[in-house]
Amino acid sequence: MPPEGKTRQPSVVFVPGLREHVGDHWQTLLQDRIPGATCVPRLGKGTLSCTAWVEAIEGTIASAKGPVVLVAHSAGVLMVAHWARTYRRPVRGALLATPPDLDRELPAGYPSKRTLEDNGWMPIPLDPLPFESTLVASTNDPLATLERVSELAMSWGSRLVRGGPVGHLNPASGYGEWSASTPLLSTYGVEVAPACRA
């Protein structure tokens, strides 16, 4: 018999990166396939305060029912690390995908290292996460090397999964639907409805 607390679907909370709503992003598409899933309010690139994002995460998780599974992408992964340093909630697990490396300058179009430092993103928390987590690394992410993401996984105590050459795992890299997310989430008891076919 499954342990207490693992017999029902957890509340799934999506943590986006620094972007507005993107209809063809894998997080958006996946959320539609998980009944009851919620998303941390997308504060967008206009709000760079890390504290504001952490408080948005806390508010969303606080209103969730039962144990939570987090699904974070890009800067959202780092937001989760900052949140976990401050708050404690019943989190069953987290799927963390392609975090950026803020210790170096990001490509054009992204905030500068100095701007991120001024808004509280640095240093990146390296404390072990107080819940199970799976960190998916890309082998050709323009925002972080595989080596750096592997270091983060080790620091956080995350299971590292090499996702292959998936870029930054966003629409610009061809994602869209991300089929690998379904088996990864199933390890935390999350059931995902089949994708609709046109």
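Reply: Let's begin with a word we'll need a lot: a residue is buried if its relative accessible area is under 20%, exposed if over 50%, and partly exposed in between, using a 1.4 Å probe and counting protein chains only. With that rule, buried residues make up 52% of the 198 residues in the chain.

A quick note on what you're looking at. This is a predicted model, where local features need pLDDT of at least 70 and side-chain atom pairs count only at pLDDT 80 or more, while totals for chains, interfaces and linings use all residues. Residues are numbered from 1 along each chain as its sequence is written, and side-chain values use heavy atoms, leaving out hydrogens and water.

Next, the layout. Helices (H or I, at least four residues) and strands (E, at least two) are DSSP runs numbered from the N terminus. The chain has six helices and six strands, and from the N terminus they run β-α-β-α-β-α-β-α-β-α-β-α.

Now for your aromatic pairs. Rings of Phe, Tyr and Trp (for Trp, the six-membered ring) pair if their centres lie within 6.5 Å; planes under 30 degrees apart are stacked, over 60 edge-to-face, and the rest tilted. That rule gives two aromatic pairs here. In one, the ring centres of Trp26 and Trp178 are 4.7 Å apart and the planes sit at 65°, so this pair is edge-to-face. The pair ties together distant parts of the chain: Trp26 belongs to helix H1 (residues 26–31), Trp178 to the loop between strand E6 (159–162) and helix H6 (181–186), and 152 residues separate them. Trp26 counts as buried because its relative accessibility is 1%, and Trp178 counts as buried because its value is 7%.

The other pair is Trp83 with Phe131, which is tilted, at 6.4 Å centre to centre and 40° between the planes. Distant parts of the chain are linked here too: Trp83 is in helix H3 (residues 75–86), while Phe131 is in the loop between helix H4 (113–118) and strand E5 (133–137), 48 residues apart. Trp83 and Phe131 are both buried.

Zooming out, contact means heavy atoms within 4.5 Å. Among contacts between residues at least 6 apart in sequence, 75% join residues at least 24 apart. As for overall size, the C-alpha trace spans about 50 × 40 × 30 Å along its principal axes.
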